[in-house]
Amino acid sequence: MFKGIANAFRVTELRNKILLTILILLLYRFGARLPVPGAPFQDMLAHYQNGLASNGAMAVLNLFSGGALSHMSVFSLGIMPYITAQIILQMMQSVIPSLGELAKDGESGQRKITQYTRYLTVALALLNAVGYLFMFKSYGVSFANMGGVPEALENILVVFTMLVGAIIIMWLGEVITQRGVGNGMSLIIFTNIMAGLPAALVSSITTRGNVILTVATIVIMLLIVPIIVYVERGQRRISITYAKRVVGRKLMGGQSTYLPIKVNTAGVVPIIFASAILYLPAQIAIFFPNVGWVQSFASALSKGWVNWALSVLFIVFFAYFYTSMVFNPEETADQLKKQGGFIPGVRPGAATANYIKSVIDKVTLPGAIFMAVLAVVPSIIFWFTGDPLIQAFGGTSVLIMVGVAMDTLASIESHLKMHNYEGFFK
């Protein structure tokens, strides 16, 4: 592991990518603590933070923002607008034929979809910013620190600042993805979760007053990590044989290989997407702070048995949905047929596509259920214990952190192997 890190910093290009990624993440954490104009002083801020912590849905949104929401920072909106925009665009690809064609149109089509995602992100961020302003007001927050500025202008400045913050977050994530290492948005989520860990540890000890139980919780979480890694790297290998053929004067083909089907092809995407959808009502409820049934509906979807049941359903659904987006059995079968490859005992063409689809369906289900259970069980435990460490560092957080860490290490490893260095994994 340490040898792999040393090798990574020996490669100039990779070192620059790693340093750029670290610098951007530090810049993001600075923005997560930088307050909006006219943010209230400590007494009013503490009252707001206590109210936020008592709202289960908003507490989770605060977790995913890395505590930015509780500090009324420039980055209060976090990455949720961008993730929600991605969900909408990806689901619309299967409904709107023109978007589906764009997705298949190579790099130029992807650029257009990315542009649409940006526009939608700005629109959603504007709505969220207005909603957060309503929420701040509902907790009695005043932005009078601007000094003599009319209230209407105060509100516009606060909304505009959070909107710009969301655009900056989107830009930072894209810069990491394009010029850094790993996926930018996933790394920002990873950073947000890790930022809340120290406070969650202190709160767990002070709330429960039992260091042994806190240590036992940490040990159990660490023991789950190897299981997550095992499932993440698990795959079903479909045997592929290539027919012998003569090309010019050479005899080609005749070798056997395999087609790997990952148990968890979608990674942590289903959990992130499911969380974004389940906490969307909480964001909408911000606009109606005094409407009881809206608040009750948002709270029911954010915690309790309704949230647990829907989390399982959404995670399984998005696992299948995302897998179908990135792995097309028909295209794979057609490519095998063109290259002279076939699955032993299966006819080429439609029969091969159906066989691959059947394998994907069978393999994806246990991986999706595993993710769903790991995401929901800690929420159930938190419901009965109230331990803040489980809420901040539960199954969902561990899954996201392990998944993002593995993807980032895999990205670094691929760069190392291009320069004939040994990677992280044996």
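This is a short walk through the structure above, from its overall make-up to a few local details.

The model is a predicted one, in which local features need pLDDT of at least 70 and side-chain atom pairs count only at pLDDT 80 or more, while totals for chains, interfaces and linings use all residues. Residues are numbered from 1 along each chain as its sequence is written, and side-chain values use heavy atoms, with hydrogens and water left out.

Let us begin with the whole protein. It has 19 helices and 5 strands, taken as DSSP runs numbered from the N terminus (H or I of at least four residues for helices, E of at least two for strands). Of its 426 residues, 48% count as buried; here buried means under 20% relative accessible area, exposed means over 50%, and partly exposed lies in between, with a 1.4 Å probe and protein chains only. Among contacts (heavy atoms within 4.5 Å) between residues at least 6 apart in sequence, 72% join residues at least 24 apart.

Buried in α2 are L14, K17, I18, T21, I24, L25, Y28, R29, G31 and A32. They cover an arc of only 160 degrees around the axis, which puts them on the same side of α2; the arc is that of the directions from the helix axis to the C-beta atoms. An α-helix has 3.6 residues a turn, so residues three or four places apart point the same way. On the face of α2 turned away from this buried side sit the exposed residues L23, L26 and F30.

Rings of Phe, Tyr and Trp (its six-membered ring) pair if their centres lie within 6.5 Å; planes under 30 degrees apart count as stacked, over 60 as edge-to-face and the rest as tilted. The ring centres of Y28 and F75 are 5.3 Å apart and the planes stand at 15 degrees, so this pair is stacked. Because Y28 lies in α2 and F75 in the loop between α4 (56–64) and α5 (80–93), the pair ties together parts that are 47 residues apart in sequence. Both Y28 and F75 are buried. For F317 and F318, the centres are 5.2 Å apart and the planes at 70 degrees, so that pair is edge-to-face. F317 is partly exposed at 40% relative accessible area, whereas F318 is buried at 1%. Together with F314 and F321, these two residues form one aromatic cluster.

Now to the strands. An open sheet is formed by 3 strands in the order β4-β1-β5, with antiparallel pairing; two strands pair if DSSP finds at least two bridges between them. At the edges, β4 (256–262) and β5 (341–342) each pair on one side only. Strand β1 (residues 235–242) and β4 pair over 7 bridges, and Q235 has K262 as its bridge partner in β4.

Finally, visit helix α19 (residues 395–418), which holds T408. T408 is buried, with a relative accessible area of 12%. Leaving aside residues up to four places away in sequence, T408 touches V181, G182 and L187.
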